[in-house]
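User: Could you walk me through this structure? I would like to go from the whole protein down to single residues.

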Amino acid sequence: MYLPTQQQNEQHFANGSFNNEGKSNKPTALFIGTSNTDRINENKLSTAVDITKTTAYTLDEAYEVISTAQCSPDVVIIHSLTNDVKNNNPNECMDKLQMVVESISSKWKEAKTIVSLTTPRLDNRLHRLNSEIIDGLVKRRYLDNKDVYVSDNSNMWHGQVSIQQLLNEDKFHLSERGTSMLASNIKNALHTVLGIKVQQRNNRYSRSTDRARQQYRPQHRQSFNNYHDHNEQNRVKFKRTG
């Protein structure tokens, strides 16, 4: 289990932008996740935030990471609930999560916490049911808490993409597509907490759509002019015959 130390934290931010005191100008985040976050590249997750990522398979391990970490993040991201529902009922998961959240607020007074909700699973019906229950409990617990933000993954449970496409053959670990969707949800949550404006993607689809609009508008204007001229001619003809 990787535990970020002060030396490792400084090395991680070595390529960032710095102020006159040699400190990074970017906000920092500590990302604690399970094996489902292993394939998320923290260096590409957000160019606006310096992120240190570590693996903790359970909430108990996440608590240990926080207890020993020597960095001082602006945001702490926790993604551990999916594993804990295997061995704990929803209320026990909630108690463990609250212990983690309190340890963060106690150690880093100004830090914000992002709790990433469970990701889909089809390996066990009881685990899936408990996942949905714990998601509801977390949302209710932190609804009015200004220091804890819930990163909702319901678009993975009930989105347009089938759950099967988001999972590997074991029906638990995320596929490449599922990992990409989880990363997007966490990125959006991180930018929201830090007040970072999300830039619109300038992809091929949007460019082709703009071109189509530009091509359509002159034709639409010409069609309207022809229609207007035709109506005007009929109106004059009607006056003469009337």
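Analyst: Happy to! Buried means under 20% relative accessible area, exposed over 50%, and partly exposed in between, with a 1.4 Å probe and protein chains only. This is a predicted model, where local features need pLDDT of at least 70, side-chain atom pairs count only at pLDDT 80 or more, and totals for chains, interfaces and linings use all residues. Residues are numbered from 1 along each chain as its sequence is written, and side-chain values use heavy atoms, leaving out hydrogens and water.

User: What share of the residues of the protein counts as buried?

Analyst: The protein has 242 residues. Judged by that cut-off, the share that counts as buried is 39%.

User: Is His127 buried or exposed?

Analyst: His127 lies in helix α6, residues 125-141; helices are DSSP runs of H or I with at least four residues, numbered from the N terminus. The relative accessible area of His127 is 14%, so this residue is buried.

User: Which residues is His127 in contact with, leaving aside its neighbours within four places in sequence?

Analyst: Contact means heavy atoms within 4.5 Å. With those neighbours left aside, the partners of His127 are Val85, Lys86 and Arg121.

User: Over the ring of which residue does the charged end of Lys86 sit?

Analyst: A charge sits over a ring if NZ of Lys or CZ of Arg is within 6 Å of the ring centre and within 35 degrees of the ring normal. The charged end of Lys86 is 5.2 Å from the centre of its ring, and that ring belongs to Phe172.

Methods. Helices (H or I, at least four residues) and strands (E, at least two) are DSSP runs, numbered from the N terminus.
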